Structures are given as structure tokens and as C-alpha cells.
Amino acid sequence: MRKSFNVILLLMAGIMVSGCGGAGRSGTEGAAGGNRLPEWALGGFVRPAEVNPVIQPDPRVKFFCPMRRDSVGWMESDTFNPAATVKDGKICVLFRAEDNSATGIGKRTSRIGLAQSEDGVTMELRHDPVLFPTEDALKSYDWPGGCEDPRIAVTEDGTYVMLYTSWNRRIPRLCVATSRDLVNWTKHGYAFQKAYSGRFLDLKSKSGSIVTKLDGDKLVISRVNGKYLMYWGERMINIATSDDLINWTPELDENGELKGVVYPRNGYFDSALTECGPPAVLTDKGILLLYNGKNRVDAHRDMRYPAGTYSAGQLLFDSEDPGKVLGRLDVPFFRPVDDFEKSGQYKDGTVFIEGLVYYKSKWYLYYGCADSHVGVAVYDPEVETPGDSVPETTEV
């Protein structure tokens, strides 16, 4: 029986490093059909039968938009890319929703809604969004594209920190907001605005994953080497540190440029990009980061998976040297397999992970399905389960 995953002990077995440094596929992880995960990884995750998607668009839900100055069906077209946390004994999912103001990825206005669940599956949705473009100091960042793709973590004293993409349809910026109740949010602006005298003010940035730890039965934000730390980025994974969770400083390399610690790999499921997923988890084996990988569309892609597919991988970093990779999955532990994950705005197939919670002794993973719906998958540490199967035949 698989051992429990917790902050004191991830697994007693010795670490099994897979794919570190671009090593070739080997063992059961890379075998056709099989996908046994290494001991340091989390999962596998199982989609509960007949419950997905758990959040879907609803054209009947409207609110008065201060940007449009009109009533808007704010979740009319798509609901996807969710963050998740636990509050007052319930799972709380904060999801991106799009109106019907345009057609095409990135052309509608996005707002962030809130849903609650006592079982992780049945969702009670709040009528109005909780974070959206309005007449505030973030107008130049948020208008007209809105607020996208949240990741959420909580401090030990109960302050929720949201990292989200502010989209003015010119430059996507990684921004910070905080709340005590998940409904009323204070926007603090661009995460890197004070770093290096504003050098990165116009940097295209997104996808911030703050490092957390499992404290009892709750994931809380943790310091690493005396600092708050987040992995962030899309084309490559970078590191940033902070003293206050609001102002973040990206790490630079010896040439004074952004220090990338993980890059896409030709011939693998993450050949096009590596984009950070839910908040990372500090374990006794290292820092575990779940991330989103996109397959290329040319001859350098992983031929076993469809071109352009978004799947999910895992990385293990050294907790003393957070830029040092100890382990990396060579095949995704989670990939588009169901119809609702391959039909929607993004028909090439997308499972885009952003929310991870520990709840009633199980792990709940919330993800966007083809940029159109929200799904959930569950990992029970008491049940040994493989990752999603590796295709038996080569995709063409």
C-alpha cells in the first residue's frame, strides 16, 4: 500500500530520479501503456466517475460590469483554469470565466469567480465574480482582457495570496492580490514592479507557484532559505523571492539576465513550453512542482502525443538549492483523455492544472479542460495508482 504524503515524510523509500538532465526514457514510466510514477512524485490522480466537468459556463448568470457599464454574462462562454484552497472546512475553487464579448483565445474579457464544495465535486457557485477589471489603480493592466489564471496559497495566519495574470491585450503581467475571506480582494499590482528599479515593468510574465508545505492537514506558505519563494514562467521556469509575498525579485544569472532553471525539451511532451502549475510543495525529498507542458507542433514534438497538446508533468528541486533539478518526469502523469478535455476552445486537448488541495486525507487536483470547463481528479495516498497511460501508438 502506498505510503502517505506529508510534510514530515513524503515517502520512506529512496528517491528515484527520472528524466533528470534530459535523460532518456526508461523503466515502467516510459513503457507503452504503463506509467508507474517514481516515489518522489504525487499521484496518480483519478477522475471521479460521472462528475466532470464540475464547473461549466452558464449564460444566465449576469452582473453589472464597471468596465462595460452594463449587465454582462460574465461566465457565459467558458469557465476554466482554476485555483483551489481550503477555508472553513470547504474546498474553495477560484476559476477563470469568460464572457461572450469576442471570439478567439485571449480576446474575451476574463473574470475570476468563486465556488465552494464540501465533497470536492459538488460546487456551489457565488453569483458575482470576486476579481475583475474595474475603475481602480490596475485599470491600465486589467482592461480590457481582465484577470486570468489564478494560483492561490494561504499563510499560516489565514491571509490568502493570489497570483494571477493581468491582461490588457498587450502585455500579460503577473500580479498579486490578497484577501482574508476569498471574496474581498486587495490588488497590489505587478509582482516585479519594484525589482531592479523597475527593469522588468514591461516583461511578459505569468504563472506564479508559491512554495507551500503541508502543516497538519493544511497547505500553508513556507519560507525556503529564509525567503518566500515562487517558481514562475511559461516559456521557461524561473525563480523569484520575496520578504512580504507582494513584492517579488526574479533571480538573475551571471550575465544579469533572467535565470531559467527548467526549459522545454525536444522530443518530450513539454517540448514547446513549461508553465508552472499549482503552488509547489516542500517535502523531505525536496520541492515538488507540478507544471503544464505543451507539445510542439513540428518534428521536434513527442510523437506519442497529439501536436499542441497540454499535459502535466512534475519536477523535484533541491530544497537547499531551489534551482537544482533532482527529478523530472519524462512522460506526463496527467494528459487529455476524456472528450471534454479535447473539445472546446482548445481542441488539440488541454488539461491545465492550477489548483491543488489536501482535503480529508486525499489530494484534489483542479484543472482547465480545453479552455472551456473545470475538472477535478483525486489522489488517495492509500491506493497505489499509476499516472495516465502512455499511448500505445505514435500520434501522427
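Is Leu252 buried, partly exposed or exposed? Leu252 counts as partly exposed, because its relative accessibility is 25%; buried means under 20% relative accessible area, exposed over 50%, and partly exposed in between, with a 1.4 Å probe and protein chains only. Before going on, keep in mind that this is a predicted model, where local features need pLDDT of at least 70, side-chain atom pairs count only at pLDDT 80 or more, and totals for chains, interfaces and linings use all residues. Residues are numbered from 1 along each chain as its sequence is written, and side-chain values use heavy atoms, with hydrogens and water left out.

You'll find Leu252 in the loop between β17 (248-250) and β18 (260-262); strands here are DSSP runs of E, at least two residues, numbered from the N terminus. Leaving out residues up to four places away in sequence, Leu252 touches Tyr196, Arg199, Phe200, Glu257, Leu258 and Lys259, where contact means heavy atoms within 4.5 Å.

The largest pocket holds about 510 Å³. A pocket is an open set of points on a 1 Å grid over the protein atoms alone, with protein on both sides within 12 Å along at least five of seven lines, and lining residues have an atom within 4 Å of a point. Grid points are joined across faces, edges and corners, and the volume is the space filled by probe spheres set on the points. Of its 24 lining residues, Ile105, Lys206, Glu234, Tyr310 and Asp371 are the closest to the centre of this pocket. Elements giving two or more residues to the lining are β3, β4 (90-98), β7, β8 (160-167) and β19 (273-276).

Technical notes
Helix = DSSP H or I, 4+ residues; strand = E, 2+ residues; numbered from the N terminus. 1 Å grid on protein atoms, 1.4 Å probe; cavity = no way out; pocket = protein on both sides within 12 Å on 5 of 7 lines; lining within 4 Å.
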